Amino acid sequence: MDPNTAGWALVAALLLPVAGAVAMLLIPAEADRTIRRFAVVVTGVAFALVAALTAAFDYGRSGELQFVTDVPWIPAIDARFHLGIDGISLPLFFLSFLLPFLSAIYTTKHLPEPGKPKAFLGLMLLLQTGMAGTFVAFDLILFFIFFELVLVPMFFMIGMWGGPRRDYASVKFFLYTLFGSIFMLVSFLAVYFQSGLRSWDIVELSQAAGIGSVTFQTWAFLGMFLGFAIKVPMWPFHTWLPDAHTEAPTVGSVLLAGVLLKIGTYGFIRIALPILPDGALRFAPVLGVLAVIGIVYGSLCCLAQTDVKRLIAFSSVGHMGFVMLGIAAMNEAGIQAALFGNIAHGVITGMLFFLAGSLHERYHTRDIAVIGGGMLMKIPRYGVLLTYVAVASLGLPGLAGFWGEFGAMWAAISPGLGLSDTYGGLYLGLVVFAAIGTVLTAGYFLWMLQRVNLGRPSEKWAAAELDDVMRVEWVAWAPLLLLILALGVFPRLVFGVQDAAVTALLRSMGG
Amino acid sequence: MESVLALAWLVPVLPLASAAVVAATGKRLPWGGAEVGILSVGAALALSAAIAWETFTNPGETLERAFAWSPLGGGFVLELGMLVDGLTAMMFLLVTLVSLMVHVYSRGYMEGEARFTYYYAMLSLFTFSMLLLVISNNTLQAVVGWELVGLCSFLLIGFYWEEKSNQDAANKAFLTTKFGDVGLIVGVIVLSAGMLGLSDTPFNFGETIDAAVSGELATGTIVLGMLLIFVGCISKSGQMPLHVWLPDAMAGPTPVSALIHAATMVTAGVFLLARLFPVLAQSALVMGVIAVVGILTLFFGGLLALVQDDIKKILAYSTISQLGYMVAAIGVGGYTASIFHLFTHGFFKALLFLGAGSLIHAVHSNDISAMGGLRRPMPVTFWTFTIGSLALAGFPMTAGFFSKDEILVSGDLWALNGFATGTYVYWVGIAAAFVTTFYMARAWFLIFTGEHRGAPHAADAHGGHGADHDAQADAHADAHHAAPNESGRWMLVPLVVLAVLSLTAGLIGSPFLQDEPNFEAWTATEVIEGTTYPFLAEYAAGAGVVAAEKGPSAKILHGPPTWHLDLLGIVLAAFAGAVLLAWRLYGKGLPDEDPTLRMGPLSRALVAKYGFDAAGYRYVVVPVRDRLSAWATRVSNDVIDGVVGGTGAAAKRLAGVTYATVDQGIIDGGVNGAAFSAAWWSARLRRIQSGDVQRYAGALVAGVVLLVLAFVAIR
Amino acid sequence: MSLVIPLLLATFLFCVGVYGLIARRNAVLVLISVELMLNAVNINLVAFQNLLFPAEAAASGQLFALFIIGVAAAEVGVGLAIVFNLFRNRATVDVDRVDAMRW
Amino acid sequence: MAIDFGALGPEIALAVTALVVLAADLSLRGPAKQLVNPVAAAGTVVAIALTLRLWGDERSTFGGTFVIDSLALTFKLLFLGTLLAVLGISWRFFAEGRYFQGEYYFLIVTAFLGMVLMPSARDLLTLFVALETVSIPAFVMVGLRKRDLYSSEASLKFFLIGVLSVAIMLLGMSLVYGFTGTTSLTGIAEAIAATQTPGSETPLLLAAVLLIVVGFGFKVSAVPFHFWAPDTYAGAPMPVTAMLAVASKAAGFVGLTLVAFAAFAPLAGAWAPVLGVVALATMTVGNLGALQQRDVVRLLAYSSVAQAGYILLPFGVARGGTDALSLAVNQTAFRAVLLYLVAYAVMNIGAFAVVIGVARRSGLRATADYAGLGARSPLLGGAMTVFLLSLGGAPLTVGLWAKFAIVEALTVDVTAFGLVLAAGLVVNSVIAFFYYLRLIRGIWMEAPAEGAPVPQPGFNLSLVVVGLAALTVVLGVLPALVTDTTSVVTLALGR
C-alpha cells in the first residue's frame, strides 16, 4: 500500500463494517454462533486492513495527509468526499478498529438480554463505521454526518440491551448529543459562508487563518464548543454520560468510552482550534477552568458512587478534563498530551468497562456494598486485572494513564499563543487543582479497590461458584492490557506519531 | 575499555527482570521465586559495588547517558537516561545491599506465606522503582520512579489485605504520599517550565542545575519549584506534618518495613533534595524552610517514639526523626552530611527492623512489654540489635556517630555564617540525640533484660494495629508461652552483615579518611563543588562573621571531615545520660508504677543527695514522655490525622452533596427541567385545542388582528 | 363617488361576517356569514376597479369578483353538503356541539 | 390570445384523468370499482411524462398568468410523484373500506390538478383559483366517510376555517389590488417598488400583505391558523390525511413562496420577521402538541405542524434588497424550502403509509399499539424507524439534508435574528426527537401487547413503503441526486 495513492484502503476500511452488517442480514437469525463468529471475522478483517494501513503509513511525513480520497460528493453545496489520515488521526483510527474487534470477540460469549446478536452486532458494525469515519473525514459536512451517525446505533444499543433505566438513558444520550451537534452545524455553516472559500475542507479552512472578525470567531467557536463539549463531555454538560454508561451494555460502554468520547476532543483539535484560532484563544481560559472543574468535580462524584460502573463513568469526566486541560493550554505539548490522554483513556477506560461488565456477569450486581470485597480471594486473576487497570487509570507512571495527565499539566503551566502573559496565574492555579484532582482520583480508585478486591468474601459470595477470567476474556482483553503497559513505557508510540502533525496544526494557528 | 559505569543501566534492569520472571514463573520454582530475586539483586549489588569502587577511587567521575525517549510536543524531548556519579553509586550500593538483605531475610521470614511469590515479585519491583529514581538523569524520570515506589509501598503495606486496618494503612500511605506528589509534580513542572527557553530537555538535572547556578533560571521559578518539590519530599520522607502514613505503614510485613524505611521509599525525598541541591542552594528561603521542617521533625518525631510500646512503631518514629536530621542537614548546607547519614542510617535502620522482625518472629508480638529477657535465647539477634541501637544513638565510632556528627558540624558552620537555623540544628540535634538514645535504651532494656514476660494480650497482637500476620503467628498461636527461639540462618545472616556495616560504614566518611578518596570526595561531584550560595556573602557580612579558617565561603561544607572533640564530649555525655536514665527507669524490667519508687533506699538517697533524679523525672521525663509527647501524639494522631481524615471525610461529604444536589439536582434537573417544562407547556396548550371550531376561528381572527397590529405598529 | 363609502360598506360587511362566523351557532347562518365576507371582498374589488383603475384593460378587479362569486357558490354548495351530512349524523346543526374531537 | 396547450399538458392530463375516473366509476360495479385506482395512476404517469417533456422550457400563456419554468416543473413533478404515492397507499384502504371510490379518486385527482396549477400561477387570481381547486375537493374528501361522526366533524372544521382564511386572504388581495391596480405578481412587485419607500411603507398595504399570508398560513397550518389540522387529520380517512399533510401543505408553501418572493419581495423587510416569529411559534406549538399525543395520526399531525414551522424558517431571513447578498439569501432560502418539501414528501408519506399499513384490518392507531412492531413486522417497523429518524433529521436520511438546508439558509449571512431562528430550530429538533424516539423505542424495545395482530400491509403499500424508505436512505447518503436538481431551480420570478 502506497500511502500516496492507496486512498482505497481508507474507504475500504470504512465500508467493510457496513458491508459486513449488510451481509449479516442474510444469515438466518437462528444461526446464533455463526452470526457472532461472522462479526469477529468482519471486524478482524477490517482491523487487519487498518493494521496494514498503519504499517504502510509514512511516519516520516506524519504531518501530512495520506491515503487521501477527495472526490466531489454534493456539488450543490460544495461538499466533498474527502478522506485522509495523518498523525493525529492514525492512533484514534486504529483504536476505533481495535475496540470493535475485541468487542466482537467478547460478544461471542457475553451478550446481555434480549440476545439478538444479529441486531446487536449489526449496530456495532454501523457504529464502527461512524466513529472511524469521524477521524478520517476532512470535510466538515462529511465529519458532521459521521458525527451524527454514531448516535443512532448507540441509541439502540443502550435502549435495547441496556440496564433497567435504559429508556431514560438512551433518550438522554441522544438528545444531549443532538442538541450540541446542531449548534455545531450552525457554526460550520457560519464558517463556510464567512470564509468565502466555498469549501468545507478542513485543511483549506485551517490554512485560511483568521476567518472573520474575532467576535465572529468567538461566536462560531461557541457553537462548536457546545457540540464538542457535550460529546467530550465537559463539565457541566456531562450528566448524560453516567446514565448512558451505567445503562449501556458492556460493549456499548466500551465503545462509548473508548472511541465516542474521543470524537469530541478530536473535533476540538482538528476543527475548532485550527479553523477558529482567535475564538479558541478567547475561549481557552474558559476551557481550562471547565476542564479543571471537571477533574475535581468528577473525582468528587466518584467518591460518592456505589455502583462500580457509574464510578468508572464519572471517572471519565475527570479524565477527559485532563484532555481538555491539554487543549486549553493551546500549545504543542498540550495538544500532544490531549491526544495521548484520549488514546490512553480509550484503552484504559474501555478495559475498565469490560471488567465492570464481566463483574456484572459474575455477581449480577455492580453495587460495591453488595459485592462487599474479597474478590481478590474469590477470583484472583480477575482481581489482579482490576487492580492493574485501576492503577493505570489513576495515572501511575509507567502505565498509559500518566502521560496524558502529566503532559496536560506540564503544558498548561506555560500556555501558548500569548496566553501565559495574560492568564499565567490562572493556569498555574489550574495546574495545582488538576494535580489535586489526581489525588482524589487515586482516592476513589483505591477506595473502590479496597471495597471490591480486598478483604474476605462476604457470606453471600463465600460459597458461590464464580468463574475467574475466561479464555475468551483473555483473548479480548490481552491487547488492551498490553497496550496499557506499552503506551506507558513507550509514550513515543503515540507522541512520536503525532509530533509532526501537531506541529503543523499549531503552525497554522500561528503558534 | 569502557568504564563499568556504562553498565549502570543493568542495576535497575536486573530487579525488574527479576520481578517479571518471578511473577511469571515464580510459583513453579522450588523456592517460589525467592532464588530469582536473591540472585538478580545479588548481581545488581555486585555491579553496584563495582560502580561504587570505580567512582570511589576516581572522585568526580561522572557518566551521563540518555536518549530521546519520546517527543513531548513543541520540540521538547523526554529523555530516558542515566546519570552515574558518586551520589548515584552510593544510592545503588545502599539500595541493592539492603534490598538483597531483605530478599535473603524474607526467605526465612515469609516462609509458608500464601502469597510468597507475589511478595517476592513486589519486593523486586520495589527495588527496581527506587533504582529507576536513583539512576535518573532528569526530574520526570525521577517522578516515574517515585510514583512507582509509592505504588509498590501500597501493594506491600497492604500485603495482608484481608484485614481492614491494613487496607486502610496502605491507602493512607499511598494517598498521603500522593498528596505530596501533587507538590512534586507541580514543582517539577514549574522548574521545567522555567527551562523551556533554555533547553530542549527541560527536565534534565544537569542542565537545570547549570541554569540555576548561572542565574539563568528565574529566582521565582527556583523558589516556587523547589518549595513544591520539597512538599513531595515532606510526604515521601516522612517529614512533619505529612509523616502520618509512616507509622501506619508498619502494617506491612516487617522486612518490607526495613526496605521502606531504610533504603528505598523514605530516602527518595532526601535523595531528590540532594540531587537538586545546587538549585535549592540558590535561595535562602528554600533552605530555611527545609531546615525548619527538618528541625521540627527530628525533634518532635523523636519524642513520639518515647511512648510507643510497639517495637516497629518505635523504629518508625525514629525513622521520622532521623529523616529529620537528613532534611535539616540539607537545609543548612550539609549536603555531604545529609547523604552520609542517609547512607549509614540505611544500614543500621535496616538492621534494626530486621532484628525487630526476628524478635516478632520469635514472640509473635510487636509489643515490647510482651518481650523481655530475650538476650539469652536469641544471642545473635541481641548482639546485632544492640549494634544497631548504638549506631542509631550515635555511639562513638559506630556508623551513626560519624554521620550525625557531620550534620551537627554542618549546623555549626552554617551558624557561623550567620544563619540561626544552623544553631537550631546543632542544639536541637543534640537534644534529639539524647531523646533517641533514651528511647532506644528503653526498648533495649525492656526487650533484652529482665524476664520474658510473654504476651498478656496475645490475642490482640494478631488483630491489633500494625501487628504482623504471618502464617507462623497463626500456626504457633497456641505456643505463646513456649520459650522464644533464635531465628533461622536465612534471617541471621543479613543481621550479621548489616551489623558489620553498621559498625564500619561510617569509617569512609570519618576523620580517619581525611584524604581522598573518602565519602566526601566520592559523592561531592563537581556539580556539588561548583555550588554557590549567592545569598551567603550578604548574610555573612550582615552577621559580621566570616569563618575564614573554615575555608572559602562558597565551600564551607566541604573540606575533609575533622575531629570535633567538643562535640564528641557533648554527644558522649548525652548518650551516657540517656542510657543511665533509661537504665534507672527500665533496667529492672517493666515498671508497673512509677519506677523511681521501686529503687529503694538508693533512689531516695540520690534524690536526697542531688535532687536531680526526682526533678529530672518530674520536670523532664514526665512532662516530655507523658505530656509533651502525648500531646505531640495527639497532635499527630488527632489534629493532623484528623485534618487528613477530616479532609477525607469532608471530601466525601462534599462529594455526596455535590453529587446529590448539584449533579442530579441542578444540572441534570436543568436539562430535564426543559423537558418537564415542555410537558407543562404542552399540557397548557391542550386547553386551547378545545375542539370547538368557532373558538378556533376566533383564535385565528384574533391572531390575524394581533399580527396585523404588531406588524403595523413595528413599522 | 368617493371610495370611502364602498370601502366602509365592505368593511362593515366583512366584520359582520366575521362576527357571524364566530358567534352564530346555527351552521346555516355561519355559511351565510361566509357569504357576507366574500361579498365584502367583491365590493372592494369592484369599487377599486371602477374608482381607481377605470382604464385597466384587463379589468382584473371585476374579473376577480366574478371568479369569487363562482367559487363562493361552489364553496357554499360543499358547505351545505357538509352541514347536511352532519345533521344526518347528529340531528343538529349547532356548531358549538361539534366538538367530539379535541386535543 | 393563443393558448399554449403544450404548456398546459400536465393539467389537461389530470383533468381528463379526473373525468375518466368519474366516468369509469359510474360504469364499473362491485369489486371492479377498485380499478379506477390504476386508471388514475396511469393518468398521473401520463401527466408526469408530459411534465418531463417540458423540462428545460421557459414558456408562458394566458397573458403571463401561467408560466412554465424550472420552479414550476420541479414542483409539478413533486406533486405528481406525491399523487402516485398517495394513490399507492389509497388502493387497499378505499377498496376494503367500500368508500366512494370513484368520487374519491375524482376528488383527489382534481385537488392535485389545483396543486399542479399552483406553481405555474403568476397572478393572484390564478393563485386563488388553484388554491380553491385544492381546497374544495379536500373539504369533501375529509368528510368522505359520511357515516363517521369524526369524519363529518373534521370536514366541518376544515371547511369553516378554510373559508374563513380564504375570505381573509381575499380581503388582502382586494386591498393589494386597490394599491397596485394589478393582480399580476410581477406587476404588483413593480408597483410596490415604484410607490413605496423601504422602511416607511403604507401600513394598510403591509396589513394587506399579511392578510394574504393568512390564506397560505392556513394551508400550511402555521400557528395560529393551525387549529383545524389535528382534528381534521385525525378525522379524515388516512390517505386523505397524508395528502393534506404533505401535498396540500406543499401547495400552500408554493403559493406562499410565489406571493412572498415574487409579489412582495420589496416588502420582505416587513413580512420576513413576522414569518420568522410565526415559524418559531409554529414549530414550538407543533412539537409541544406532539409530545402528548397517544394517537399516532394526531402525533403525525402535530409533527407536520412542526415541520411546517421548519419550512417557514427560511422565510424569516428573506431580504427586500436587490443587492447580490440579498438575492443569494433569498435564493438559498427558497432552495431550502424546496429541498425540505421534497424530503418532507418522501418521509411523511412514508410515515403515513406505515400508519395505514398498521391500521389495516385492525384499525389500530394508538402509540401503544406500536409496541413491539419491530418484532411483529420488521418491514413496517424498520421503515417507520427510518421515516421517524428522517423526520427528526438523523444522519444518513434525507431529513438531515433538509434540516441542513434550513440551517444553511439561516446562516448565509449571519444575523442575530437568523441565529435566534437557528437556535429555535435546535431546541425544537431536540424536543421533536423526544417523541420520535419514544415511538421508535416502543417499536423496538417494548414487548408487543398480548394478542397484538401481525400487520398485513398488502403488496401495494409495502412497495410504497419500501420504495420511500429506500429513497429516504439513498437521498440521505447521496443528497446530490436531488440537490443537483433543486440547486438549478432559480427564483427568477420575473425580477
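How many residues lie between β1(B) and β2(B) in their hairpin? Two, and B:G74 in that turn has a positive phi of about 70°.

Hi everyone, some ground rules before we go on. This is a predicted model, where local features need pLDDT of at least 70 and side-chain atom pairs count only at pLDDT 80 or more, while totals for chains, interfaces and linings use all residues. Residues are numbered from 1 along each chain as its sequence is written, and chains are lettered from A and ligands numbered from 1 in the order in which they are written.

Helices (H or I, at least four residues) and strands (E, at least two) are DSSP runs, numbered from the N terminus. Strand β1 covers residues 63-73 of chain B, and nine bridges join β1 to β2(B) in the antiparallel sense; strands pair if DSSP finds at least two bridges between them. One example is B:F67, whose bridge partner in β2(B) is B:L80.

Is β2(B) mostly covered or uncovered? Mostly covered: nine of its nine residues, 76-84, are buried. Buried means 20 or more other C-beta atoms within 10 Å of a residue's own, with C-beta atoms placed from the backbone. In a regular strand, side chains alternate between the two faces of the sheet. In β2(B) both faces are covered, with B:F76 and B:M82 among the buried residues on one side and B:V77 and B:E79 among those on the other.

Now let's visit chain D. Helices α4 (residues 101-117) and α5 (residues 124-142) have axes that come within 7 Å and cross at roughly 155°. Axes are lines fitted to C-alpha atoms over the stretch in contact, and angles run from 0 to 180 degrees between N-to-C directions. So α4(D) is roughly antiparallel to α5(D), a label for angles over 145 degrees. Residues that meet here include D:Y104 and D:L107 in α4(D) and D:A130 and D:L131 in α5(D); contact means C-beta atoms, placed from the backbone, within 7 Å. By class, this contact has 14 nonpolar, three polar and no charged residues. Nonpolar means Ala, Val, Leu, Ile, Met, Phe, Trp, Tyr, Cys and Pro, charged means Asp, Glu, Lys and Arg, and polar means the others, Gly among them.

Last, the chain contacts. Chain A gives 43 residues and chain B 40. On the chain A side, α19(A) gives the most, with 11 residues.

Terms used
A residue is buried if 20 or more other C-beta atoms lie within 10 Å of its own, exposed if 12 or fewer, and partly exposed in between; C-beta atoms are placed from the backbone. Angles under 35 degrees count as roughly parallel, over 145 as roughly antiparallel, 65 to 115 as roughly perpendicular and the rest as oblique. Two residues are in contact if their C-beta atoms, placed from the backbone, lie within 7 Å.
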